[in-house]
Amino acid sequence: HEQVAKLEEKFDKILEERSQMVDNRIDALEERVSRLEERLAHESQTVPAQIEARGDSLEIMLKDVRNELETEKRNRLHREGRLLTQLEEHSRLSEEYWQKERTSREEAMESLQREWQAQEEQRNDAQQALEEELKAELEALRLAVDREVEDRSREDDQIV
């Protein structure tokens with residue numbers, strides 16, 4: 001009976017050590033999940049705010065370009081009224097200059113619009129990629145926990 005008692009004591013000690021190891025692994029995995037959830041919460045708030053700020057900045061720049069374009073257009077119309085009294089050649093040269101200027105500003109405005117749209121698409125893509133990455137990480141953690149449970153069950157079966 002003394003040997004059985006020693007074996008039982010040794011078995012209980014091994015079982016307790018393995019249980020402690022499994023508990024430690026589970027605690028580490030739970031901590032990792034918690035950190036990932038905190039990261040997701042933090043990035044879910046900061047990334048959209050950063051993108052929103054960039055979008056606001058681009059929108060302000062776009063409005064400024066539009067205002068400048070409108071101001072320039074009004075100024076051009078005023079100058080054209082005065083230039084009509086001048087020679088035909090001078091009028092033609094002025095028109096060519098302002099047409100180039102208008103085209104350049106419109107291209108700049110279109111470029112800003114494309115950049116703003118690209119920024120929006122990039123934000124959406126980044127947010128989707130982050131969500132997919134976090135889902136994959138959470139799934140990997142779930143699989144690790146499942147494997148740990150299976151390993152523990154197998155070890156328990158081997159001990160018995």
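**Cavity.** For my notes: on a 1 Å grid over the protein atoms alone, a cavity is a set of points where a 1.4 Å probe fits but cannot get out, and lining residues have an atom within 4 Å of a point. Volume here is the space filled by probe spheres set on the points, with grid points joined across faces, edges and corners. The largest cavity comes to about 60 Å³.

I keep in mind that this is a predicted model, where local features need pLDDT of at least 70, side-chain atom pairs count only at pLDDT 80 or more, and totals for chains, interfaces and linings use all residues. Residues are numbered from 1 along each chain as its sequence is written, and side-chain values use heavy atoms, leaving out hydrogens and water.

**Lining.** Leu69, Glu72, Lys73, Arg76, Trp98, Glu101, Arg102 and Arg105 line the largest cavity. I sorted them into two nonpolar, no polar and six charged residues (Ala, Val, Leu, Ile, Met, Phe, Trp, Tyr, Cys and Pro are nonpolar; Asp, Glu, Lys and Arg charged; the others, Gly among them, polar). H1 and helix H2 (88-159) each give at least two residues to this lining. Helices are DSSP runs of H or I, at least four residues, numbered from the N terminus.

**Aromatics.** Which aromatic pair is there? I searched the whole structure and got one: tyrosine 97 with tryptophan 98, edge-to-face, 4.7 Å centre to centre and 75° between the planes. Rings of Phe, Tyr and Trp (its six-membered ring) pair if their centres lie within 6.5 Å; planes under 30 degrees apart are stacked, over 60 edge-to-face, the rest tilted. Tryptophan 98 is buried at 12% relative accessibility, while tyrosine 97 is partly exposed at 47% (buried is under 20%, exposed over 50%, partly exposed in between; 1.4 Å probe, protein chains only).

**Helix H1.** H1 (residues 2-83) has 82 residues and reaches 118 Å from first C-alpha to last, close to the expected 122 Å, which is 1.5 Å times one less than its number of residues. I noted a bend of about 25° at glutamate 43, taken between axes fitted to the seven residues ending there and the seven starting there. Leucine 83 lies in H1 and is buried at 16%.

Key:
On a 1 Å grid over the protein atoms alone, a cavity is a set of points where a 1.4 Å probe fits but cannot get out, and a pocket is an open set with protein on both sides within 12 Å along at least five of seven lines; lining residues have an atom within 4 Å of a point.
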